[in-house]
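Keep the viewer open and try each task before you read its solution.

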Amino acid sequence: PGVDGVCVSLVARGKTREAILKNGITVVDKSGTVIQTATFPPERVSADPAVLGTQDYVIVALKAHQAWAVCEGIRALCDETTAVVTAMNGIPWWYAHGLAERRLSRDILESVDPSGRQWRLLGPERCIGTIVWPAAVVVTPGTIRHTYGKKFTLGEPDGSRSARVVALSQVLIAAGFEAPIRDNIRDDIWKKLWGNATFNPASVATGATLDQMLGDTAMRSVLARLMEEVQCVGEAAGASFRITIDQRLAGADKVGKHKTSMLQDYEAGKLLELDALVTSVQELAVLLGVPTPMMDTLLALVQVRGKLSKCYPPDHPFFCRRTAPHASGAKL
């Protein structure tokens with residue numbers, strides 16, 4: 001439902017913008033039944049962020065490489081008080097900001113923010129962390145099939161319960177979502193990354209849906225071993241894992257027959273979000289001295305598949321600056 005007093009604007013391009021202007025955004029369930037349709041006045045839907053003016057909150061629901069490419073457009077939506085809500089998978093580019101204990105030797109993570117472009121143009125102090133738990137698929141431009149979940153976990157990088165994060169939570173709850181505020185958003189980042197860094201690349205390597213991977217005994221064991229490596233890196237970075245790997249796998253079981261977002265992108269010929277989900281874990285592993293041989297192997301396999309399909313082009317400005325660190329101890 002709409003929320004009184006909240007004005008939503010959209011940055012959309014191409015066929016998506018055309019579809020939204022004509023029919024709005026429609027959300028359907030697994031069977032195709034319409035759950036809700038939202039329409040927007042033409043002046044609130046633009047391909048040019050600058051046309052929309054400055055906002056109180058800018059929700060960035062893009063892949064990491066997309067956000068990096070358009071950060072100047074994001075900056076055009078901001079004034080001195082604007083909060084940038086990173087509703088994105090993987091390690092966020094602002095990860096080192098606001099840490100109570102400094103464990104990393106540098107702030108800029110090249111795997112998610114090459115040359116520190118977002119850190120410089122946007123500034124980490126603007127950011128509110130967000131974990132997106134719903135599973136959904138874009139069926140056609142402007143139409144989204146929702147299959148699971150309605151929770152968006154929020155948190156300030158420094159763990160504070162600021163006025164801006166409380167206000168955002170209240171708006172999301174009024175709109176029908178779950179929006180808990182965490183005092184350590186990084187714990188929740190790692191909880192989701194547990195799955196994203198393993199399920200996503202493994203799905204591209206195998207072509208399997210989530211239920212097919214989890215339903216195979218040998219593959220489930222491989223995923224659990226990959227998750228062990230992710231957990232080791234997360235704990236070295238200071239994160240706490242409040243549930244077991246078996247509990248996290250059981251949670252994924254509930255999602256059912258779902259193609260991961262990375263497999264959807266691969267099949268559609270789109271660029272893969274490999275660096276934010278996997279290479280970022282590898283970069284942290286190197287900085288923290290944690291070996292990740294299985295992750296190294298999986299990443300190398302998917303990188304080759306991505307390069308051959310042009311979904312991970314080596315000459316892309318976001319991807320070309322680094323290669324995956326390997327168990328041999330290669331430096332980033």
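**Exercise 1.** How many salt bridges does the count come to?

*Solution.* This is a predicted model, where local features need pLDDT of at least 70, side-chain atom pairs count only at pLDDT 80 or more, and totals for chains, interfaces and linings use all residues. Residues are numbered from 1 along each chain as its sequence is written, and side-chain values use heavy atoms, with hydrogens and water left out. A salt bridge is a side-chain nitrogen of Lys or Arg within 4 Å of a carboxyl oxygen of Asp or Glu. By this rule, the count is 11 salt bridges.

**Exercise 2.** Find which residues are linked with Lys63 in a network of salt bridges.

*Solution.* Start with Asp265: its closest N and O atoms with Lys63 are 3.2 Å apart. Asp265 lies in helix 11 and Lys63 in the loop between strand 5 and helix 3, so this pair ties together parts 202 residues apart in sequence. (Helices, H or I of at least four residues, and strands, E of at least two, are DSSP runs numbered from the N terminus.) Next, Lys63 also pairs with Glu273, at 3.8 Å between the closest N and O atoms. The network therefore holds Lys63, Asp265 and Glu273.

**Exercise 3.** Is Glu273 buried or exposed?

*Solution.* Buried means under 20% relative accessible area, exposed over 50%, and partly exposed in between (1.4 Å probe, protein chains only). Glu273 has 3%, so Glu273 is buried. Lys63, at 18%, is buried too.
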